[in-house]
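I opened this model to look up a few points of packing and pairing. My entries follow in the order I made them.

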Amino acid sequence: MQQALRLAAKGLYTTTPNPRVGCVIVKDGAVIGEGWHVRAGEPHAEVHALRMAGDAAHGATAYVTLEPCSHHGRTPPCADALVQAGVARVVAAMTDPNPQVAGRGLARLAAAGIETASGILEAEARELNVGFISRMLRGRPWTRIKLAASLDGRIALNDGQSKWITGSAARADVQRWRARSCAMLTSAETVLADDARLTVRDFAVERQPLRVVVDSRLRTPADAALLQTKGVLIAAAVDGPQRAALEATGAEVVLLPGADARVDLMALLDLLGSRGINELTVEAGGVLAGGLLQAGLADELLLYQAPVLIGQGRAMADFALTDLVQRYAPRVIERRSVGDDLRWTLRFTDPAQAFRA
């Protein structure tokens, strides 16, 4: 199963909106087939592994990181392929959270006389597909807020200057997180201040993430850098004359009005979930970060902390508490040095609890 997970990870940047899945087929103590799902619309991991194994798959054991599918999607059911190949046993790391499967794949195998088991290295399998699981069970993507801050918790000077607080190694590391994301979320304020493209740079990818801008009053200029590349969604709270100019660039504009003439963030995440967005990375200022936190929509915080002090400046998250008991206390998942900076991975959501099917 560990090898199957390693294979599944090869699809980290390519499988969206599908899950990352690996499969290893073993017979008489030897691996006779292996494969992983590369991209949507192409054969699943089990099919690749069965093709490699050939007739030897009869009587073998298949280890797969996600329950074999039992429904017709873009490809035929993998459960049927395993039955036809005559495997004797199928071990799944976890059941599929997709309501179209959700135990039916293993049930189909068992009905065909195949021995089944699940729950082997389940935590590792869930971690690999945390976004897919979130979308299947909550209807919205796993939302990861990325911030770069000084030791004194500032992400920019008061005038908005933020290039560069962290070093080149940290900035390169960010590109990998962008690459695995289905979409990037930012604010109109950040677009106006930084004019960033929010595309993946200096890292080979087959597709760029969707860029999403929270722009309540449609202030994004039509000549903004991120609009020079196709694949932009702008969420507004009110319509305005700028909409036509933005749509003329190829951007999609949706109206999602919420309280106080601001974009309804929950409605936005629900919309992204309905469009197959598994992992959403937020790169914005403290206002949007604070809004997501207060709305209970932030799952993870990816914080790059630079060994510098900059004094007065903009805070990481803009919200106010009336009592310290209200403070946010995410769980520390990892601390890792990236160049001279420190990368913190912190969780507000526990996948093992929130996503338990």
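Entry 1, helix 3. I note at the outset that this is a predicted model. I started with helix 3, residues 78-85, and found Cys78, Ala79 and Leu82 buried. Looking down the axis of helix 3, I see its buried residues fall within an arc of 105°, so they line one face of the helix. I then asked what the buried residues of helix 3 pack against. They pack against helix 2 (45-53), strand 3 (61-64), strand 4 (89-92) and helix 4 (104-111). Just after helix 3, I noted a positive phi of about 80° at Gly86.

I traced an open sheet of nine strands with mixed pairing, in the order 11-10-9-8-12-6-13-16-15. Strand 11 (252-255) and strand 15 (331-338) are at the edges with a single partner strand each, so one side of each has no neighbour in the sheet. From one strand to the next the twist averages 20°. I looked at one pairing in detail: strand 8 (residues 183-187) runs parallel to strand 9 (residues 210-214), over five bridges. Met184 has Arg211 in strand 9 as its bridge partner.

I picked Thr143, which lies in strand 6 (residues 142-149). Is Thr143 buried or exposed? Its relative accessible area is 0%, and the cut-off for buried is under 20%, so Thr143 is buried. The side chain of Thr143 reaches the backbone oxygen of Pro141 at 3.3 Å. Leaving out residues up to four places away in sequence, I list among the contacts of Thr143 Leu269, Leu280, Val282 and Asp299.

I found one aromatic pair in the structure. The ring centres of Tyr13 and Phe203 are 5.0 Å apart and the planes stand at 75°, so the pair is edge-to-face. Tyr13 is in the loop between helix 1 and strand 1, and Phe203 in the loop between helix 8 and strand 9, so the pair ties together parts 190 residues apart in sequence.

Note on methods
Residues numbered from 1 in each chain as written. Predicted model: local features only at pLDDT ≥ 70, side-chain atom pairs only at ≥ 80, totals over all residues. Heavy atoms only, no water. Helix = DSSP H or I, 4+ residues; strand = E, 2+ residues; numbered from the N terminus. Buried < 20%, exposed > 50% of the residue type's maximum accessible area, 1.4 Å probe, protein only. Polar contact = N/O pair within 3.5 Å; in protein donor to acceptor, adjacent residues only side chain to side chain. Contact = heavy atoms within 4.5 Å. Arc of directions from axis to C-beta. Pairing = 2+ DSSP bridges. Axes fitted to C-alpha atoms, helices over the stretch in contact; angles between N-to-C directions. Phe/Tyr/Trp six-rings, centres within 6.5 Å; stacked < 30°, edge-to-face > 60°.
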